[in-house]
Amino acid sequence: MISIREEITIASPPEAVWPLLSDPAVVASCIPGATLTKAGGNGAYQGTMRIKFGPTVAQFRGEAKLAYDHAARRCSIEGRGIDGRGASRANASGVVEASGIDTTVLKVEGNFNVTGPLETFANAGGVHLARAILTEFAENVARLTAEQAIEATVEAAPFAEAAATASAAPPPESLATQAERGAAELATTGLRPAASELSGGKILWRILVSWLRQVFSGKREAE
């Protein structure tokens, strides 16, 4: 039986990391060599795991059962698998817990056992192999968390810009204000409202008519 106890720090708060750790498909994608093939009931999942023990590469297929405590951000794992040749078997159990405030401390405690031809290699370097897998797993989780944070920022940017533009825009003018501004512009350019133009035209027309009457009446008197 090989025991392992590790703590890994991820530069993101637990509330950002835990949703990823709560998704078995995401967890499997972050574990080097692991593939999730089927999701069953009662937290049971089937998958494969490619592991290199020294010069030997083994492909394990098996099943893992996950039990989540979301309030405590803790997950219990029970798993077993068998290699492709059917000669070696592996059993594992452990607890993964995420804690912290600004950064996440990922605590992993567990035990695993390998029997068969690969037992010697597992006993010799199993702990170092598990640590290497956990380190790469934490790096993948940190990268995925950062990518999601960037995507959320990019998606929220247009809404924030629109809100800032709306708040900075001046309030709409009232009808009275618009009328006053229009009259001031006409006065500045020397123009007059259409009503004034019509009144001036009527006066000129009356003067012209009066002059024509005087001219024609003068001609009649001369005749």
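User: Is Thr104 buried or exposed?
Analyst: This is a predicted model. In it, Thr104 is buried, because its relative accessible area is 0% and the cut-off for buried is under 20%.

User: Where does Thr104 sit?
Analyst: Thr104 belongs to strand β7, which covers residues 104–115.

User: What does Thr104 touch?
Analyst: Leaving out residues up to four places away in sequence, Thr104 is in contact with Ile8, Thr9, Ile10, Ser12, Pro13, Pro14, Val17, Ala98 and Ser99.

User: And what does the side chain of Thr104 reach?
Analyst: The backbone oxygen of Pro13, at 3.4 Å.

User: OK, zoom out. In what order do the strands run in the sheet?
Analyst: The sheet is open and has seven strands, ordered β1-β7-β6-β5-β4-β3-β2, with antiparallel pairing. The edge strands, β1 (2–10) and β2 (34–39), each pair on one side only. From one strand to the next the twist averages 25°.

User: How many bridges hold β2 to β3?
Analyst: Five, in the antiparallel sense, with β3 covering residues 44–53. Leu36 stands opposite Gly47 in β3.

User: Switching to charges. How many salt bridges are there?
Analyst: The structure holds six. One of them joins Arg5 and Glu109, with the closest N and O atoms 3.2 Å apart. That pair links distant parts of the chain, since Arg5 is in strand β1 and Glu109 in strand β7, 104 residues apart.

User: What about Glu63 and Arg80?
Analyst: Their side chains form a salt bridge at 3.7 Å, N to O. Glu63 is partly exposed at 22% relative accessibility, while Arg80 is exposed at 53%.

User: Which residue does Glu97 meet in a salt bridge?
Analyst: Arg74, again by side chains, at 3.7 Å from N to O. Glu97 lies in strand β6 (residues 89–99) and Arg74 in strand β5, so parts 23 residues apart in sequence are tied together. Salt bridges with shared partners join Asp69, Arg74 and Glu97 into one network.

User: And how accessible are Glu97 and Arg74?
Analyst: Glu97 has 24% relative accessibility and counts as partly exposed. Arg74, at 29%, is partly exposed as well.

Methods
Residues numbered from 1 in each chain as written. Predicted model: local features only at pLDDT ≥ 70, side-chain atom pairs only at ≥ 80, totals over all residues. Heavy atoms only, no water. Pairing = 2+ DSSP bridges. Helix = DSSP H or I, 4+ residues; strand = E, 2+ residues; numbered from the N terminus. Axes fitted to C-alpha atoms, helices over the stretch in contact; angles between N-to-C directions. Buried < 20%, exposed > 50% of the residue type's maximum accessible area, 1.4 Å probe, protein only. Polar contact = N/O pair within 3.5 Å; in protein donor to acceptor, adjacent residues only side chain to side chain. Contact = heavy atoms within 4.5 Å. Salt bridge = Lys/Arg side-chain N within 4 Å of Asp/Glu carboxyl O.
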